[in-house]
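Me: I would like a close look at a single part of this model. Please keep to one connected account.

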Amino acid sequence: MHLKYESTLREPLVDGVKDYHQVTEDIISPIEAKPGKLWYVGFFISLMLLAFGAFSVTWEVYYGTGVWNLNKTIGWGWDITNFVWWVGIGHAGTLISAILLLFRQGWRTGVNRAAEAMTIFAVMCAGQFPIFHMGRVWMAFFVLPYPNTRGPLWVNFNSPLLWDVFAISTYFTVSLLFWYSGLLPDFATVRDRAKTKLRKLLYGVASFGWTGSTKHWQRHEALSLVLAGLSTPLVLSVHTIVSFDFATSVIPGWHTTIFPPYFVAGAIFSGFAMVQTLLIIVRKILGLEDYITLGHMEAMNKVIVLTGSVVGCAYLTELFMAWYAAVPYEFATFYKYRAAGPLGWSYWIMMTCNVISPQVFWFSKMRRNVAVTFVMSIIVNIGMWFERFVIICTSLYRDYLPSSWSYYRPSWPEVGFYMGTFGLFFTCFFLFAKYFPVIAVAEIKSVLKTSGESFKKDMEQYEQQSAEEFEAGLHHDDDHHHDAHGAVAHAHHN
Amino acid sequence: MAVKNFVVASFSDEAVLFPAVKKVRTAGYKLHDVYTPFPVHGLDHAMGLRETSLHTAGFIYGITGTTTALSCMSWVFNSDWPMNIGGKPHFPLPAFIPITFELTVLFSAVGMVLTFCYLCQLAPFVKKHIFNPRQTDDKFVMVIEVTAKTNAEELKRFLVSAGGEDVNEQRVESGWWFGRFDREDRLFETKVEAVNA
């Protein structure tokens, strides 16, 4: 029953003439078909990257973190840069699934499933870096506060690095639960239309025996809403805590109160760019252009230009404060070693990619152009990688003691580790795109009759009517609830 | 677990389903459930279901997380191993906030999901009877229990007149059991019935 009435002026969320069954067909049939050649090629490349990553990490574990080009001045390099970059990417998924749910943004239904999957895979990639940066990775469990035989010697609850352990693991767990609880009904859909025994068995197990009972849906809705309410402050807290890793230190360039909002905006910025990169490919390969429409891309591009500008403001604020505060070390970090100096090139890549280039999205034509969006999404991700590199490395490579100054470039195990996380991410994403419903089927169905193109067309005639004509029409066929008019009539009665 | 008789009717349109639910309830039939492919807003009220208290459970789990985090951290820092960390106080409340918040969210989310699965009896390898395989696709499937007082034939005619399609009677297991969806349903007769037979 659609008590919500949406004007035809609003762009439809689902294009084309579709009924509920057609929605199921469109989204589920790629799971049942054999994957195309491109899928195998992509999956193979991802596996190769993953294997190379595993080799690089094994090398690092065997010989120690000394194989990375870190030294006593630059204690954090590519590893922590990549950690922050991947965590940031994850944030868009939670933003789409949680914050946009609370704000009742209907367009999230087309993209939330894939974005949440991206979150989970990105957080998995992110977690690798701090764990292997520990060096003696077999001692990684020391970060957990458990009663131990070393005293018991507890972890330091005052340390932002420990807050990170709690933040990232909570974030991963909650995102996974949120994602999987949304998948249950869709797995049941795959199960009930499965033709082969194996598929019926596997999706039967994965669906937990979901039936679609009204009571279960009622609880499911309550669960989704509360999980969204919990995830919203959670996602903000996660990148805030990541920024505390820097902000609570006394390094010039890190010790600043602007970091939490600046990091969160940057995270959403890079995350939306990654969602665009992935979804532009997915919609093309799986033929889902009717569900992930230009309207969806435009909405996300608006978020990109907004958050990009927030990030740009933060860069300028930092520069201003570095001058205005009149602290010579702060001034030197920003004006001599960040915007200039041997690593100055990275600062200008960051500025160009994050602040200048996203301004093209002020134009609607650019926001709705698939090619421009795709190229921009990659530029933004490069820019955001450099943002973390700039924050970490340009603050460290020239410290208080000029004799310890050095340049920093990564060694092959560092690059290999990073490539390996791409392998992990895309291996997971290819499996997801093949075996999981990439669009939330049930959620699309629940917005179909208010926001689907064909259903909105039926509303046009009522929008042309005067109030008197509409009222007369209602009494005329009060008991016929068979067409779109019926939905309006019901809305009227309620 | 019990084997029962049900009359099953499918609907293609929510606008037909709602009046039908109303009619069935007015006529006094025992509405077992309505299975839908997506959450149909207002259907729970139309069926006379009460609101869920899952949010309350979530709140209780949340404050459990808050107290766990605060009490554990202050016990560690104040009584189990009081350590001087840079001369900072032993109860640095602002520094405890991040972990306290994370544990609040973690306890609440995990607790709610487990409670949800328990209440709905959802788990891997749990099997339930699917009255119509299209109830997870595009049909709204109304299931009415045939009790001693129900005239099944009359009920079927009644459902057809209310707009139900594909009206049929099924004798099935009404609860859940451990099973696989690629296998046939199992019928668990109650002991009383077995003795009578």
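What is the order of the strands in the open sheet of chain B, and with which pairing?

Reply: This is a predicted model, in which local features need pLDDT of at least 70 and side-chain atom pairs count only at pLDDT 80 or more, while totals for chains, interfaces and linings use all residues. Residues are numbered from 1 along each chain as its sequence is written, with chains lettered from A and ligands numbered from 1 in the order in which they are written.

The open sheet has four strands in the order β2-β4-β1-β5 (chain B), and the pairing is antiparallel. Strands here are DSSP runs of E with at least two residues, helices are runs of H or I with at least four, and both are numbered from the N terminus. Two strands pair if DSSP finds at least two bridges between them. At the edges stand β2 (30-35) and β5 (165-173) of chain B; each has a single partner strand, so one side of each is left without a neighbour in the sheet. From one strand to the next the twist averages 25°, with axes taken as lines fitted to C-alpha atoms, for helices over the stretch in contact, and angles running from 0 to 180 degrees between N-to-C directions.

Strand β1 (residues 3-11) of chain B runs antiparallel to β5(B), and seven bridges join the two. Within this pair, V8(B) stands opposite N168(B) of β5(B). Helix α5 (residues 152-161) of chain B packs on the sheet and touches β1, β4 (140-145) and β5 of chain B; contact means that C-beta atoms, placed from the backbone, lie within 7 Å. The direction of α5(B) makes about 20° with that of β1(B).

How values were computed:
Contact = placed C-beta atoms within 7 Å.
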